[in-house]
2 protein chains.
Amino acid sequence: MVTLAEVARHAGVSASTVSYVLSGKRSISAATRERVERSIRELGYHPNAGARALASNRSNIIALMMPLRTDMYVPVMMEIALAVATTARSHDHDVLLLTGEEGPAAVRRVVGSGLADAMILMDVELDDARLPLLREAGRPAVLIGIPADPTGLTCVDLDFTATGALCVEHLAELGHRDIAVVGEAAAVYERHTGFAERTRDGLRARAAELGVRLLHRPCEGSYAAMAGTLARILDERPNTTAFIVQNEAVIDPLLSLLRQSGKAVPEDVSVVAICPDPVAVQASVRLTSVAIPAQEMGRRAVELVMAKVRGQEESLLDLLPPRLTVRSSSGPAPTVH
Amino acid sequence: MVTLAEVARHAGVSASTVSYVLSGKRSISAATRERVERSIRELGYHPNAGARALASNRSNIIALMMPLRTDMYVPVMMEIALAVATTARSHDHDVLLLTGEEGPAAVRRVVGSGLADAMILMDVELDDARLPLLREAGRPAVLIGIPADPTGLTCVDLDFTATGALCVEHLAELGHRDIAVVGEAAAVYERHTGFAERTRDGLRARAAELGVRLLHRPCEGSYAAMAGTLARILDERPNTTAFIVQNEAVIDPLLSLLRQSGKAVPEDVSVVAICPDPVAVQASVRLTSVAIPAQEMGRRAVELVMAKVRGQEESLLDLLPPRLTVRSSSGPAPTVH
DNA sequence: ACCTTCAGTTGAAGCGCTTCGACAACCAGA
DNA sequence: TCTGGTTGTCGAAGCGCTTCAACTGAAGGT
C-alpha cells in the first residue's frame, strides 16, 4: 500500500505538504500542487481511511439506520437508501447500512466507536426507542419521519397530514361524498408509525370540515386481503364513490377487483393513491396520486446532516408539501338517478 | 470519549492487557479479565474504530456494491442487502453501501483506502467492468451473480439454468406443449445480465429436449407493457397453454389480463413464476413458483467472504439448486376438442 | 534601507489502538 | 536445588494520517 510519506518523497516535499494539498486547508503554490498531484496519480495513492479517521477524528461515514419491516412498502425505503448513498458520495462521505436487528444499541455502538460522523434514521415511530440515546449522544442526526416529540431533533418528511387533506379535497371538489380509505397494514398503526397516523388524521379532519363521509380501513398487502377489505367497505357503505389507497401493494389488486365487479374507473368510482410516481403510472389505470418523494427525502436528509456535521444549521422540521397529480383515475362523482 | 488507556488506569492494568481482554489473543487470568470488563462497563468504553483499523490493518467493514437499476426487481435486492447486513453483524462486521453511481472506480477507492476488508458485488454482468479491478486488487470478494468467466472468483447465485429447465419440466409433465415465457425488460438482456440469459438458455435447452414449443418475450414492468406482450404472444401462438413469468412486476397484471380475457387459471392456462415466495403467495392466485432465495444468497455471500478474510476457503461457484413449489396456478394442459 | 506581512513549507507531536518481545512468577520434573 | 516450560502481564514501537507552531523568503510599505 502506498503511503502519504512515499508520495511526499516521490514529489520531493514534506508529508504535511501532501496532506495540505489533499485537504486544501492551507495555500499551496500551483507548482507544488501540480507535482504532488502527479505523484499521487503515478503511485496510485489512496489515503488510508483508518489513519485519517484517527488523526482527524472524522470518519467521513454516515450511518443509515433502516429497520426492516416486511409490512412496509420496500421500494420507497430502497429509493431513499440509494438517494442517501449517492448524495453522501457527493459530499465525500460513505454510508454504513444498519438494520433494526441490533436495536437501539446500534446507536450507542456507532456513536461510541466513532465509526460514523452522523446518523440518519428511517422508519421512525412516534415514541421511538432510539431517540433518547440519540439525544444524549449529541451527534449530528436527522430523522426521516417525525416522532411525537421532535424538540431538538431535525426531521425530514412528506407532510402526511396535508397529504391526507389534499386527497380528500380533490375528491370533494369532484363531488364525492362517500370516500373509503385503504390504509396500511394494521400492524403499522399498532406500532404508532407517524406517517400512517398523520395521514389518517389529515384525512379525517378535512373530511369533517368538508362534510364528507369517510371510512378508514387498514389492509394487508395481499390480493386476498384487498378483496376482503373491499367487500367489507362496499357492504358498510354501498354508496362509496371514491377510494384513497395508501398501501401501495394493493393498488393493482384494488383496480383489478373493481374491474371484476363491473365498476369503471373513473366513471363509477374514483381512485387516488399515495405512492411514488412510477408506481402511479405503471398501474393498469394511470392513477391520480400524491407522490411520495423518496429521493428528495433522502437527498435532503443528507444535506441537513452534513450541514450539522459542519456545525451549521439548527434543528428543524423539514416538511415537504404534498403534490397531487391528476391522471386518469379520478373524475366527477356519478350522479344519482 | 473514553479511551483504552483510561480503562487500563481504572482497572489498574496496562493498556495491552485491556487490548488482550478485548481480543482474546492472549490468555488472561479470570480475576484480571473480570476487573477489566467491569471497568469497561462502568466507563461505557467503546474501542475507537479508526485507531483499531489503523493498528490492526482491518476495518471490520465489508462493502456491498449494489448498482441501481430501475428496471430490476427491487425487493429482491433489498432482501439480499438486509440479509448481508445482519449476517455481517453476526460476524462483528458492518456493511458499507455503495451504489453503481461511482462506477468501477469505487472498487479502487474502497480497496485502496482500506475502508473495507472485503467486497460483495451485486447485479453482476457477464462482462462486468468491475472484475478486472477486483482481480488485480486481490481483496477478498464474493459476487452475487456469475460473470462469463468466473475463474479465480467466488460466486453465489441461484442456478438459473436449472431454474429455467425446472419450469419447463414441470409444465411439460402436465402435458403443456406450447409455453410462453414473459422475460425481464429488454434492457436487462441488452446489458448481458447473467441470470436472465442463463434462465433463457435453461428454458430453451430443456424445451428442445422435451419437444416443447417455447416463445420467449421480454417485457417491461408496467401493466400496459404486459397487455401488449400478452396480445402479441396470443397472436403468434394462439395455442399457448402455459406461461412462465420472470419479471415479477407483471405477475399481477398478467393474472388480471388473463381473467379479463376469460381464461381461467389453472384450468385454461397454467402460470409458473420465478420470484420470492412471499410474492407468489400474495398474488391473486397462489402461484406455482421457483423461489428466489434472496436471504440465503445474502447470507452465503457473507459467510464465504468472511472465510476468505480469515484466509480459508478457495474460490468456488456456489450454485443454489432451484426448488419448485406447486401451488394453485398450474395444472394439466386442457384437452383439445 | 528597514521592518512588516504573508504565502508557502516544514518538523514534530500526537490520534487510540495492536502486537511483539521481554520478563516475572509460578509449577513440575529431575 | 536447579532447570525448563507455562502463564499472565507489561512497555514500547509503531500503524498513516492531521495539524500546530515555527520558519523562510519575497513582496509591500515607509
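Predicted model: local features only at pLDDT ≥ 70, side-chain atom pairs only at ≥ 80, totals over all residues.
Tutor: Residues are numbered from 1 along each chain as its sequence is written, while chains are lettered from A and ligands numbered from 1 in the order in which they are written. Local features need pLDDT of at least 70 and side-chain atom pairs pLDDT 80 or more, but totals for chains, interfaces and linings use all residues.

Student: What makes E2(A) and E2(B) a pair?

Tutor: Pairing takes at least two DSSP bridges between two strands. E2(A) and E2(B), residues 94-99 of chain B, have 3 bridges, so they pair. Their sense is antiparallel. Helices (H or I, at least four residues) and strands (E, at least two) are DSSP runs, numbered from the N terminus.

Student: What makes residues of chain A and chain B count as in contact?

Tutor: Their C-beta atoms, placed from the backbone, must lie within 7 Å. By that test, 40 residues of chain A contact 40 residues of chain B. On the chain A side, H4 (49-56), H5 (74-90), E2 (94-99), H6 (105-113) and H12 (251-260) each supply at least two residues. H5(A) has the largest share, 9 residues.

Student: What is the make-up of that side of chain A by class?

Tutor: It has 20 nonpolar, 14 polar and 6 charged residues. Asp, Glu, Lys and Arg count as charged; Ala, Val, Leu, Ile, Met, Phe, Trp, Tyr, Cys and Pro as nonpolar; the others, Gly among them, as polar.

Student: Which residues come nearest to DNA strand C?

Tutor: A residue is near if its C-beta atom, placed from the backbone, lies within 6 Å. There are 31 residues around DNA strand C, and Ser16(A), Ser27(A), Leu4(B), Ser16(B) and Ala55(B) come nearest. H2 (15-23) and H4 of chain A give two or more residues, as do H1 (4-11), H2 (15-23) and H4 (49-56) of chain B. H2(B) gives the most, 6 residues.

Student: Why are E7(A) and E12(A) called edge strands?

Tutor: The open sheet of chain A has 6 strands in the order E7-E6-E8-E9-E10-E12, with mixed pairing. E7 (213-217) and E12 (324-325) each have a single partner strand, so one side of each lacks a neighbour in the sheet.

Student: How many bridges join E6(A) to E8(A)?

Tutor: E6 (178-182) and E8 (242-245) of chain A run parallel, joined by 4 bridges. Val182(A) has Val245(A) as its bridge partner in E8(A). H11 (223-236) of chain A packs on this sheet, touching E6 and E7 of chain A.

Key:
Contact = placed C-beta atoms within 7 Å. Axes fitted to C-alpha atoms, helices over the stretch in contact; angles between N-to-C directions.
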